[in-house]
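This briefing goes through one protein structure by topic. Look over the sequence and the model before reading the points below.

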Amino acid sequence: MCFVTRDLSTARRIPGPFDRILSIDSLYFTDDIHRTVALLHDALAPDGRLGVLASEVLPADGSDPGPRATPMHRAMVAAGFAVRVTDVTRHEHRIWRRQAEVVRGLEAAFEAEGNGQLALELRREGERSLGWIEEDRIRRYLYVARPARA
């Protein structure tokens, strides 16, 4: 079974159960992360897994509270998940550098197809993301969670 949604803000439940749920760069846009993560918990099979890839902006004072202090981690634990977190920031830096190289190499082809604006947007996105990582302003975390055993 596959369930895709852009907005869980009005959902009362998610039809399930699911063996796996994956969220890439989307859960932190919800108005109530605790409610949304609880809905995902309830939609998982007892031996299911939730995978979340998310960015966390570091505090302006330059401190790094770590992945267990993030709103995502706190919401997962509160919902009843056992959570493993991996910092993938360095890996993401390589990905964004590669994207910037590829987009630069393809800009002429994008222009020829009438998609110059898309190339520009991709280049800006890559430059912005690279800048944030290189300025040590964000962390990228991969959260893998399973319902905690009672």
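In this predicted model, helix α3, residues 89-112, lies across the strands β2, β3 and β4. The helix runs at about 120° to β4, which spans residues 138-147. The points below turn to the sheet, then its strand pairs, and then the nonpolar cores.

**The sheet**

- The sheet is open and is made of 4 strands, in the order β1-β2-β4-β3, with mixed pairing.
- β1 (18-24) and β3 (81-87) are at the edges and have a single partner strand each, so one side of each has no neighbour in the sheet.
- From one strand to the next, the twist averages 15°.
- In β4, 7 of the 10 residues are buried, so the rest of the structure largely encloses this strand.

**How the strands pair**

- As a general point, the strands of a sheet pair through backbone hydrogen bonds, in either a parallel or an antiparallel sense.
- β1 and β2 (residues 44-57) run parallel and are joined by 6 bridges.
- Ser23 is placed opposite Val52 of β2.
- The pairing of β2 with β4 is antiparallel and has 8 bridges.
- Val52 also stands opposite Tyr143, a residue of β4.
- β3 pairs with β4 in the antiparallel sense as well, over 7 bridges.
- Asp87 has Tyr141 in β4 as its bridge partner.

**The largest nonpolar core**

- The largest nonpolar core has 23 residues.
- Which of its residues touch the most other members? They are Val37, Leu50, Val52, Met72, Met76, Phe81 and Tyr143.
- At least two residues of this core come from each of β1, α1 (33-43), β2, α2 (71-79), β3 and β4.
- α1 gives the largest share, with 5 residues.
- Val52 and Tyr143, which stand opposite each other, are both among the core residues that touch the most other members.

**Contacts of Leu50**

- Leaving aside neighbours within four places in sequence, what is Leu50 in contact with? Its contacts are Ile21, Leu40, Leu44, Met76, Phe81, Tyr143, Val144 and Ala145.
- Among these contacts of Leu50 are Met76, Phe81 and Tyr143, which are also listed with Leu50 among the core residues that touch the most other members.

**A second core**

- There is also a second, separate core of 5 residues.
- Its members include Trp96, Ala100, Ile133 and Ile138.

Terms used:
Residues numbered from 1 in each chain as written. Predicted model: local features only at pLDDT ≥ 70, side-chain atom pairs only at ≥ 80, totals over all residues. Heavy atoms only, no water. Pairing = 2+ DSSP bridges. Axes fitted to C-alpha atoms, helices over the stretch in contact; angles between N-to-C directions. Contact = heavy atoms within 4.5 Å. Buried < 20%, exposed > 50% of the residue type's maximum accessible area, 1.4 Å probe, protein only. Core = buried A, V, L, I, M, F, W, Y, C linked by side-chain atoms within 4.5 Å.
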